[in-house]
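This report describes the fold and selected local features of one protein. Please consult the sequence and the structure displayed below while reading.

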Amino acid sequence: MTRALRPLGTGLAMVALMTVVLGLLYPIAMTGVLQGLFPAKADGSLVRVDGAVVGTDLAGQVFTSPAYFHSRPSATTPAYDPSATTFANLGPNTIALKDAVDANIAAALTLERPFTPGLTAADLPVDMVTTSGSGVDPDITPANARLQANRIAAVRGLSRDEVDLLIDDHTEGRSLGFLGQPRVNVLRLNIALDQLAGAPEAR
């Protein structure tokens with residue numbers, strides 16, 4: 001190899017080496033380590049009921065039946081598609097954002113007002129009418145869950161105290177005691193709801 005071509009050969013060799021090391025060996029090693037230390041998380045934090053996978057702790061799902069707690073609005077199409085996580089990226093003064101939030105407010109009031117008379121837009125938690133940064137957030141705030149509690153109690157034939165206790169049992173605190181906000185995983189909460197009151201025909 002001539003002196004002029006030597007740097008090119010060295011560069012190509014380094015590209016090939018780094019491709020093997022960082023593109024193949026490193027991912028295999030990390031996968032092995034994580035499978036050994038955190039197998040559930042490495043497999044996607046899957047949620048199983050009676051041995052069958054029903055979802056994941058990491059991504060929300062669509063629940064349309066009034067017998068279930070509902071997730072916050074999704075920003076993906078179709079809704080809660082974990083392969084297309086995105087955010088609206090709309091500024092606070094955009095008409096599109098106002099229209100989207102207004103539509104979410106109207107939908108929330110239509111769903112909840114029959115069970116909570118006098119409910120107004122000002123009573124709705126922010127996460128009930130806005131999307132999350134990922135567009136597929138699996139969690140809602142305890143305030144969101146409690147606003148839905150009247151509907152759940154009425155539709156399921158439960159007392160409000162039973163529903164509130166269920167929410168309390170599934171409320172997670174701040175990560176490490178100071179990061180983020182308390183939250184409720186909607187899928188886990190709905191699974192517990194089915195275990196308490198039986199599964200309805202539709203979700």
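Which residue in β5 is the bridge partner of Ile 140? In β5, Ile 140 is bridged to Val 184.

## Basis of the model

The model is predicted: local features need pLDDT of at least 70, side-chain atom pairs count only at pLDDT 80 or more, and totals for chains, interfaces and linings use all residues. Residues are numbered from 1 along each chain as its sequence is written, and side-chain values use heavy atoms, with hydrogens and water left out.

## Overall architecture

The protein has seven helices and five strands, arranged along the sequence as α-α-β-β-α-α-β-α-α-β-β-α. These elements are DSSP runs numbered from the N terminus, with helices being H or I of at least four residues and strands being E of at least two.

Of the 203 residues in the protein, 30% are buried. Buried means under 20% relative accessible area, exposed means over 50%, and partly exposed lies in between (1.4 Å probe, protein chains only). Among contacts between residues at least 6 apart in sequence, 57% join residues at least 24 apart; a contact means heavy atoms within 4.5 Å.

## The three-stranded sheet

An open sheet of three strands has the order β3-β5-β4, with antiparallel pairing. Because β3 and β4 (171–172) stand at the edges with a single partner strand each, one side of each is left without a neighbour in the sheet. Two strands pair if DSSP finds at least two bridges between them; β3 and β5 pair over two bridges, in the antiparallel sense.

Pro 142 lies in helix α5. This proline counts as buried because its relative accessibility is 19%. Leaving aside neighbours within four places in sequence, Pro 142 is in contact with Thr 171, Pro 182, Arg 183 and Val 184. The C-alpha atoms of Pro 142 and Asp 164 are separated by 9.8 Å, with the two residues 22 apart along the chain.

Strands β1 (residues 46–49) and β2 (residues 52–56) run antiparallel and are joined by four bridges.

Gln 61 is placed in the loop between β2 and α3. It counts as buried because its relative accessibility is 18%. A polar atom of the Gln 61 side chain lies 2.6 Å from the backbone oxygen of Val 54.

## Helix α7

Helix α7 (residues 186–197) has twelve residues, which at 1.5 Å a residue should span 16 Å; its end C-alpha atoms are 16 Å apart, in agreement. The expected span is 1.5 Å times one less than the number of residues. At the N-terminal end, Asn 185 caps α7, with a side-chain oxygen 3.2 Å from the backbone nitrogen of Leu 187. After the helix comes Gly 198, whose phi is positive, near 85°.

The buried residues of α7 are Val 186, Leu 187, Leu 189, Asn 190, Ile 191, Ala 192 and Leu 193. Their cover includes β1, β2, β3 (139–140), α5 (142–156), α6 (160–169) and β5 (183–185).

Glu 112 is placed in helix α3 and is buried, with a relative accessible area of 2%. Apart from neighbours within four places in sequence, Glu 112 is in contact with Leu 119, Leu 147, Gln 148 and Arg 151.

Asp 137 lies in the loop between α4 and β3. Its C-alpha atom is separated by 5.4 Å from that of Gly 60, 77 residues apart along the chain. Not counting residues up to four places away in sequence, Asp 137 touches Gly 60, Arg 72, Tyr 80 and Ser 132. The side chain of Asp 137 also reaches the backbone nitrogen of Asp 139 at 2.9 Å.

How values were computed:
Polar contact = N/O pair within 3.5 Å; in protein donor to acceptor, adjacent residues only side chain to side chain.
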